[in-house]
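Dear colleague,

Please find the structure below, with the sequence. My notes on it follow.

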Amino acid sequence: MRWLPVSNQTPPPAATQPPDDSKSFADLMVGLKQAKSEVREPADWLVAVAVINRLLKLQPEDPYIRKELALATYKSKQPDALAALQKAKRVLEPLQPETSSDSETVGLWGAIHKRLWQTASQPEDLARAIRAYARGYFIRNDYYNGINFAFLLNERAARSTGDDAIADRVVARRIRREVLDLCDAALAAGTLGASEVLWVGATQAEALLGLGRQDEAQALRQRILASP
């Protein structure tokens, strides 16, 4: 009987799990905040995407992190705007945005499909964006979802005829009037920061334009531009 020679080589170690991230969740959150503050152009969002992916490995079930990843992904426009939007859509799908009652998830779903509509002109994307913004508006009763809802209703009305077009235009006008009331209430509360005041003003101007009140919209825009 022949004996096989014994090898002097040390066998390779057994496969192990990859090491944990060298930074804590808190450290990565600080890194994410810094990455977002340093964004100057769309591709800069890829730095934030990398940090968020590390956060997602530490807390894969955290909906906030998933929403942040979807947002950063579509804002990066990499490798192109359409591909980034489609990827962001897939990132958000585990949160069930079509039926979710979370206003941030629904609003983000609407934003993705609004941009898909503007990029690829697919009617289904327009329909999904309208449904999302409508649900977000009625859940939260806020000017952001409301003004987007009204805008997209007019987009659809411009591409349809008869009662459907009339109905969309009527609802869009009603929503814009409600948005103006919401903006007035937000400003009257006196709790908004400077950037939020600008966003509210811009929303008011868009609502006034949609209602055919061009002179008021122009005067408001001039006041916004003149503000310090």
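**Pocket, rings, core and loops**

By class, twelve nonpolar, six polar and eleven charged residues make up the lining of the largest pocket. Please keep in mind that this is a predicted model.

The space in that pocket comes to about 1,000 Å³. Of the 29 residues that line the pocket, Leu71, Arg140, Tyr144, Asn148 and Trp199 lie nearest its centre. Helix 3 (63-76), helix 5 (103-120), helix 6, helix 7 and helix 9 (194-210) each contribute at least two residues to the lining. Helix 5 has the largest share, with seven residues.

Next, the aromatic rings. The search of the whole structure gave three aromatic pairs. One of them joins Phe138 and Phe149 in an edge-to-face arrangement, with 6.3 Å centre to centre and 75° between the planes. This pair links distant parts of the chain: Phe138 belongs to helix 6 (residues 123-140) and Phe149 to helix 7 (residues 143-157), eleven residues apart. Are the two partners buried or exposed? Phe138 is exposed, because its relative accessible area of 54% is over the 50% cut-off. Phe149 counts as buried, because its relative accessibility of 6% is under the 20% limit. Ring pairs also bring in Tyr137, which forms a cluster with Phe138 and Phe149.

Phe149 turns up again in the core. The largest nonpolar core has 52 residues, and Tyr74, Ile112, Phe149 and Leu152 are the members that touch the most others. Leaving out residues up to four places away in sequence, Tyr74 touches Ala84, Leu85, Ala88, Leu108, Ala111, Ile112 and Arg115.

- The loop between helix 3 and helix 4 (81-92) contains Pro79, and the peptide bond from Gln78 to Pro79 is cis, with omega near 0°.
- Lys77 is found in the loop between helix 3 and helix 4 as well. Lys77 is not a glycine, yet has a positive phi of about 55°. With 44% relative accessibility, Lys77 counts as partly exposed.
- Gln96, in the loop between helix 4 and helix 5, also has a positive phi, of about 50°, although it is not a glycine. Gln96 is exposed, with a relative accessible area of 55%.

Regards

Terms used:
Residues are numbered from 1 along each chain as its sequence is written. This is a predicted model: local features need pLDDT of at least 70, side-chain atom pairs count only at pLDDT 80 or more; totals for chains, interfaces and linings use all residues. Side-chain values use heavy atoms; hydrogens and water are left out. Rings of Phe, Tyr and Trp (its six-membered ring) pair if their centres lie within 6.5 Å; planes under 30 degrees apart count as stacked, over 60 as edge-to-face and the rest as tilted. Helices (H or I, at least four residues) and strands (E, at least two) are DSSP runs, numbered from the N terminus. Buried means under 20% relative accessible area, exposed over 50%, partly exposed in between (1.4 Å probe, protein chains only). On a 1 Å grid over the protein atoms alone, a cavity is a set of points where a 1.4 Å probe fits but cannot get out, and a pocket is an open set with protein on both sides within 12 Å along at least five of seven lines; lining residues have an atom within 4 Å of a point. Grid points are joined across faces, edges and corners, and a volume is the space filled by probe spheres set on the points. Ala, Val, Leu, Ile, Met, Phe, Trp, Tyr, Cys and Pro count as nonpolar, Asp, Glu, Lys and Arg as charged, and the others, Gly among them, as polar. A nonpolar core is a set of buried Ala, Val, Leu, Ile, Met, Phe, Trp, Tyr and Cys residues joined through side-chain atoms within 4.5 Å. Contact means heavy atoms within 4.5 Å.
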